[in-house]
Amino acid sequence: MADDSGQPLLMQWRSGYISDLSGQKARQAEEAKQAAIQIVQDALQKGFYGFPVSFYYTCSDPVDSYKFCCIPTEDFLRDLLEKLQRVVFKEDENPDESETFAYVYPGDETCTVYLCALFWNVPDYLCKDSKPGTLIHEVSHLLGTDDVTYNELLVELYEDHNTLLGWSGPMSGDTPKDLEGRPKEEVVQINANSLEYEFETMINHEGHFGNSKYSCCGETKRHSVCRHRSTGHYHLYERFPRQKREMQERLWETSPREMVRYIKMAGNVCKKVSIQH
């Protein structure tokens, strides 16, 4: 439910801490928004999308493998771009949010992103926990992604005699409790942090930006993705149509439907706060 402004009524109790942006913070937020828009536009232009596929788990060492965090579809990236273009900002200065980057209310038709204390101190350019990466993460919640885990999840697949084999799980350490018993190959597709890491670590530039171009690929657009990064995983569905259909069915079954507030926090923590109807 919302008031005449379109804002959720559930936010009214927080209104004493929430305000419009102005001055330097308004400029920073708008620059971060434009950076995120340009990054997603560039990913679309370079064809960095596909469709996720199911696979058979194996204990064998992968050979000539495809490594990734998430495989966004073209439709998803176009919807993400449309949402980013509509984003408006508020600042939340609630002391309880001092360890928070930002949060959103899924279903909020105003596409409002609430920026908190940590957002202002993170990098302006795409890298781990950057401003544009944070906006990609938060705005993806408006399209139905979940905060299953903030751990860095990796999928590694390889082909063996026309069979797709591989594994998925945390990049390092033991499986976190929030993933125990969860089908991790589906989780990476609906987990907002997996999408953020795909942009920030998998298709981001490895070289530095100097003399108006990136040293790794010669790209002149500052806010962009690298054409030299491995993107074979985006095309696996073309050779494995059955695995594509299987993943479509699994994703429908695991899509989040709970009304929540999604919060990106410091220290590799995500918080999902249930909202009462």
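In this predicted model, helix H3 (residues 131-140) packs against helix H5 (residues 192-202). The angle between them is about 150°, and their axes lie 9 Å apart. Angles over 145 degrees count as roughly antiparallel, so H3 runs roughly antiparallel to H5. The crossing of H3 past H5 is right-handed. On the H3 side, the contact is made by Gly 133, Thr 134, Ile 136, His 137 and Ser 140. Their partners in H5 are Ala 192, Asn 193, Leu 195, Glu 196, Phe 199 and Glu 200. By class, four residues of this contact are nonpolar, five are polar and two are charged.

The protein has 277 residues, and 51% of them count as buried. Among contacts with a separation of 6 or more, 71% involve residues 24 or more positions apart.

Aromatic rings form a further set of contacts. Seven aromatic pairs occur in the structure. One of them joins Tyr 103 and Tyr 114. Their ring centres are 5.0 Å apart, and their planes meet at 10°. Planes under 30 degrees apart count as stacked, so this pair is stacked. Tyr 103 sits in strand E5 (residues 100-104), whereas Tyr 114 sits in strand E6 (residues 112-115). The pair therefore ties together parts that are 11 residues apart in sequence. Both Tyr 103 and Tyr 114 are buried. Ring pairs also bring in Tyr 105, and the three residues Tyr 103, Tyr 105 and Tyr 114 are linked into a cluster.

Most residues other than glycine have a negative phi. Asp 64 lies in the loop between strand E2 (56-57) and strand E3 (66-68). Its relative accessible area is 71%, so Asp 64 is exposed.

Key: Residues are numbered from 1 along each chain as its sequence is written. This is a predicted model: local features need pLDDT of at least 70, side-chain atom pairs count only at pLDDT 80 or more; totals for chains, interfaces and linings use all residues. Side-chain values use heavy atoms; hydrogens and water are left out. Axes are lines fitted to C-alpha atoms, for helices over the stretch in contact, and angles run from 0 to 180 degrees between N-to-C directions. Helices (H or I, at least four residues) and strands (E, at least two) are DSSP runs, numbered from the N terminus. Angles under 35 degrees count as roughly parallel, over 145 as roughly antiparallel, 65 to 115 as roughly perpendicular and the rest as oblique. A crossing is left-handed if the near helix is turned anticlockwise from the far one by less than a right angle, and right-handed if clockwise. Contact means heavy atoms within 4.5 Å. Ala, Val, Leu, Ile, Met, Phe, Trp, Tyr, Cys and Pro count as nonpolar, Asp, Glu, Lys and Arg as charged, and the others, Gly among them, as polar. Rings of Phe, Tyr and Trp (its six-membered ring) pair if their centres lie within 6.5 Å; planes under 30 degrees apart count as stacked, over 60 as edge-to-face and the rest as tilted. Buried means under 20% relative accessible area, exposed over 50%, partly exposed in between (1.4 Å probe, protein chains only).
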